[in-house]
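User: I'm new to this one and would like a close look at a single part of it. Could you walk me through what you find there?

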Amino acid sequence: MRITGKTRLAGIMGWPVSHSRSPALHNFWLDEHGIDGAYVPLPVEPGQLERALRALPALGFRGCNLTIPHKQKAMAIVDRVDPVARRIGAVNTVLVADDGTLEAYNTDVYGFRENLRNYAPDWDPAAGSAVVLGAGGAARAVVASLIEDGVSEIRLVNRTAARAEEIAAELGDGQCRISVYRWNARETVLADAGLLVNTTSLGMAGEPALEIDLAQLPSQAVVVDIVYVPLDTALLVEARRRGYRAVDGLGMLLHQGRPGFEAWFGTPVRVTRELRAAVLTTLAGPR
Ligand code: ATR
């Protein structure tokens, strides 16, 4: 990397932010394309978010990503929020417009869809219902993506039913029926499903295992885990063993970065094997 007087700047605001893999992702693309730019971690305390966001245009930043705990609060600070992000209730990408105003988007929807398209290109949204485990912020992005793709029925399974009910009420529309199921129904809802997505933290390093028997899932179904540490979760290993198409969560992380990068640095980028390998190396390293 060469920092000149004209270096374009972007970064990620979080608290803490040191765990974020976004700097590795964006700086890989900057190097790959020889762009005079830098993407830096920005540790921003919750009480400083407004001042930090408002400082972006003053400091010449093109924009930033947002991670925990800023994804919801930023919506009330920026000048414009994309309607899909508004429905999801969280933003992760901010662009500084030419006039210095701030626009915010949620690119997790895009990241989930592109990852699924890449690794399961013949998955048919119309074939069977989709089962989504979990009802946190990630589940909201996944549900929004599936609705945009034209899935007609989503079975939402969560330990806390009230959170799933909220998603059903806020995101469901005439085109897509969202039915809510109790956690102990997670195996029976698999019958005739075309897609299973885990958005819970179960199976993540340091978290309890996701216990689920896939016996009732039809053989042509696709199984997606958005957990990417470890990359091969027990769910994906079992799915592959049974012959299902299995899609890991790393691609979602990588693809969600593309819209922001392209807007800030003006160059289209791709998710390649080399990029996956570079980001995987950082996942194995210290957090
Ligand atoms: P994110 O915003 O990243 O999706 P989150 O809001 O903390 O994270 O959501 C975590 C999801 O994992 C939730 O659906 C949570 O279920 P609850 O809504 O009942 O909390 C789910 N989860 C976490 N631990 C779980 C467990 N031991 N059993 C079942 N679900 C669990």
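Which residues does Leu 195 touch, not counting residues up to four places away in sequence?

Analyst: Happy to, and keep in mind that this is a predicted model. Leaving out residues up to four places away in sequence, Leu 195 touches Leu 116, Trp 123, Ser 129, Ala 130, Val 131, Leu 146, Ala 221, Val 222 and Val 224.

Now step back to the core around it. The largest nonpolar core has 28 residues, and Leu 195 is among the members that touch the most others, along with Phe 112, Val 143, Leu 146, Ile 154 and Ile 178. Two or more residues each come from the helices α4 (108-119), α5 (137-148) and α6 (161-171), and from the strands β7 (129-133), β8 (153-158), β10 (193-198) and β11 (222-225). The top contributor is α5, with five residues. As a bit of background, nonpolar side chains in soluble globular proteins tend to be buried together.

Apart from this core there's another one, made of 22 residues, including Val 17, Leu 25, Leu 254 and Phe 265.

Phe 265 also turns up where two helices meet. The axes of α1 (residues 22-32) and α9 (residues 258-265) come within 11 Å and cross at roughly 45°, which makes α1 oblique to α9. The crossing is right-handed. On the α1 side, the contact is made by His 26, Trp 29 and Leu 30, while α9 brings Arg 258, Phe 261, Trp 264 and Phe 265. Sort the residues of that contact by type and you get five nonpolar, one polar and one charged.

How values were computed: Residues numbered from 1 in each chain as written. Predicted model: local features only at pLDDT ≥ 70, side-chain atom pairs only at ≥ 80, totals over all residues. Heavy atoms only, no water. Core = buried A, V, L, I, M, F, W, Y, C linked by side-chain atoms within 4.5 Å. Buried < 20%, exposed > 50% of the residue type's maximum accessible area, 1.4 Å probe, protein only. Helix = DSSP H or I, 4+ residues; strand = E, 2+ residues; numbered from the N terminus. Contact = heavy atoms within 4.5 Å. Axes fitted to C-alpha atoms, helices over the stretch in contact; angles between N-to-C directions. Parallel < 35°, antiparallel > 145°, perpendicular 65-115°, else oblique. Left-handed = near helix turned anticlockwise from the far one by under 90°. Nonpolar A, V, L, I, M, F, W, Y, C, P; charged D, E, K, R; others polar.
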